[in-house]
Amino acid sequence: MTLTSPADALAGLWRATGLDPAALDAVELTGREPVQPSTYAVGTAAQASIAAAGLAAVEVWRARSGRAQRVAVDMRHAVAEFRSERYLRIDGKPAPELWDKIAGLYQAGDGRWLRLHTNYPHHRDGVLRLLGCDYDRAAVTAALARWTGEDFENAAAEAGLVVTMARSTEEWDAHPQGRAVAGLPVLLIERIGEAPPTPFPAGAPKRPLEGIRVLDLTRVIAGPVCGRTLAAHGATVLNVTAAHLPFTPTLVIDNGRGKLTTHLDLRAEADRETLRGLAAQADVFVQGYRPGAIAGHGFSPEQVAAIRPGIVCVSLCAYGHAGPWAGRRGFDSLVQNANGMNLEEAAAAGETKPKPLPCQALDHASGYLMALGAMAGLIRRAREGGSWHVRVALATTGHWIRSLGRVENGLACPEQRFEDIADLLEESDSPFGRLTTVRDAARLSETPPFWALPSVPLGTHAPGWDGRKAAA
């Protein structure tokens, strides 16, 4: 398969927005594959998705100020940002480990490989109940030897757990869900309601998204990267989570830059009413929970559009909104295991054990695609009116990355180490300590992206837009 150029990959993403193709003339892309050890074009995916989000910010700026600017993205920097959680340092020390001790790859009794995702306690405990074994890798290995791979994958899904069996690309493409994913666009922007055109906030903005309010109901990587990106361009982003929900500290710190964060328990009517009040004042509503979860509390895209006509809703799911797996939970590592990418990487390396991509490429690319869709929706509601729904899925993003082609001898590329990207890092103070983080890779000529607020612990702020601290 011919390798897609970064410029062509970017142009394909931009076409999905329905925005002016002439805007692509404002983009400069530098660097070339490979930047990380992979046969997949992860550098191209990183550069194109980050550039697309940056260009959307440029177009918002032009719509608001009448002034043009340029955006430049270097591939080495883009890939570093795709691995931002790995490069996070707190007071000069590596961030806490991301993975649970029994997460990872195992062989079932029929020799098929399974990947378990047990980072959250309820997923871990559910797997252990299903297997009837102790919290120990050896015990899990022995228990899985009594299952076939596909049987355990299905049993885990029925129990609401997150497990996939490694498939070849041929197996995935023939699978009903693989066929469904192949028929979906990488980015879908749909008009879901009527509303008069909603102009951008009045005045002379200093940043593209100044005055734009974003509700960020997401966790882990993809959704939080969307909110982080919108914050980097000046949006007021309010992350909403609940005190009883588990979280990964490293990801909270890395992806919390620029955001306010509050606790609401949507099981309680009073907190649902508070969220309805916040949504009524928001411009963008982003959610990334399992399909149907937020809708079950009264916040489907259509319900949110009824609360706030003219809003842009952004939804993330694992496997796409069509097909038999549309309702399944999932994470990046599981999707790239199911869709053939891990076995393809292994085959290229002369190995049989599934080999993961060198970064959470599906997560990070999806995050920038969500931000791209959010900003495209804001532009389109200003011009055309209406309420809008943006759909992104890890599986469709994976299908897009697969479509970019394969990098010859890509696995011979050395790993990008922390010391190799010192010029791409910045330091800042936070309640967690002195943070070392990767700068935004999109370089805008007039409004460089930056995070005006530090990462803070979840629930730090009261549920409002003014940044007041929550009551002690």
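S168 touches G340 and L343, leaving out residues up to four places away in sequence; contact here means heavy atoms within 4.5 Å. S168 sits in the loop between β7 (163–165) and α8 (169–174). Helices in this talk are DSSP runs of H or I with at least four residues, strands are runs of E with at least two, and both are numbered from the N terminus. At a relative accessible area of 19%, S168 is buried. The cut-offs are under 20% relative accessible area for buried, over 50% for exposed, and partly exposed in between, with a 1.4 Å probe and protein chains only.

Some ground rules. This is a predicted model, in which local features need pLDDT of at least 70 and side-chain atom pairs count only at pLDDT 80 or more, while totals for chains, interfaces and linings use all residues. Residues are numbered from 1 along each chain as its sequence is written, and side-chain values use heavy atoms, with hydrogens and water left out.

Next, P454. P454 is placed in the segment after β17 (443–444). With a relative accessible area of 33%, P454 is partly exposed. P454 and I253 lie 201 residues apart in sequence, and their C-alpha atoms are 8.9 Å apart in space. Setting aside neighbours within four places in sequence, P454 is in contact with G256, K259, D429 and S430.

Now the helix pairs. How do α2 and α3 pack? Helix α2 (residues 42–65) and helix α3 (residues 75–82) pack at an angle of about 90°, and their axes are 8 Å apart. Axes are lines fitted to C-alpha atoms, for helices over the stretch in contact, and angles run from 0 to 180 degrees between N-to-C directions. α2 and α3 are therefore roughly perpendicular to each other. The classes are roughly parallel for angles under 35 degrees, roughly antiparallel over 145, roughly perpendicular from 65 to 115, and oblique for the rest. On the α2 side the contact is made by V42, G43, T44, A45, A46, Q47, S49 and I50, and on the α3 side by M75, A78, V79, E81 and F82. Sorted by class, the contact of α2 with α3 has eight nonpolar, four polar and one charged residues. Ala, Val, Leu, Ile, Met, Phe, Trp, Tyr, Cys and Pro count as nonpolar, Asp, Glu, Lys and Arg as charged, and the others, Gly among them, as polar.

The other pair is α16 and α17. The axes of helix α16 (residues 361–384) and helix α17 (residues 394–403) come within 9 Å and cross at roughly 105°. α16 and α17 are therefore roughly perpendicular to each other. From α16 the contact uses A361, L362, D363, A365, S366 and L369, and from α17 it uses L394, T397, G398, W400 and I401. By class, that contact of α16 with α17 has seven nonpolar, three polar and one charged residues.

A covered helix comes next. Helix α10 (residues 222–232) is mostly covered, with 11 of its 11 residues buried. Among them are C226 and R228. After α10 comes G234, whose phi is positive, near 105°.

C226 is in no disulfide, and the nearest cysteine sulfur, that of C313, is 12 Å away. C226 has 0% relative accessibility and counts as buried. C133 also counts as buried, at 18% relative accessibility.

Last, salt bridges. Side chains of opposite charge can pair when their charged atoms come close. A salt bridge here is a side-chain nitrogen of Lys or Arg within 4 Å of a carboxyl oxygen of Asp or Glu. The count comes to 27 salt bridges.

One of these joins R391 and E190, at 3.5 Å, N to O. R391 lies in strand β14 (residues 387–393) and E190 in strand β8 (residues 188–193), so the pair ties together parts that are 201 residues apart in sequence. R391 is partly exposed at 28% relative accessibility, and E190 is partly exposed at 30%.

R434 and E427 form another salt bridge, with the closest N and O atoms 3.2 Å apart. At 35% relative accessibility, R434 counts as partly exposed.

D254 pairs with R257, the closest N and O atoms being 2.9 Å apart. Are D254 and R257 buried or exposed? Both are buried. Salt bridges that share partners join E81, R228, D254 and R257 into one network.

Key. A disulfide is a pair of cysteine sulfur atoms within 2.5 Å.
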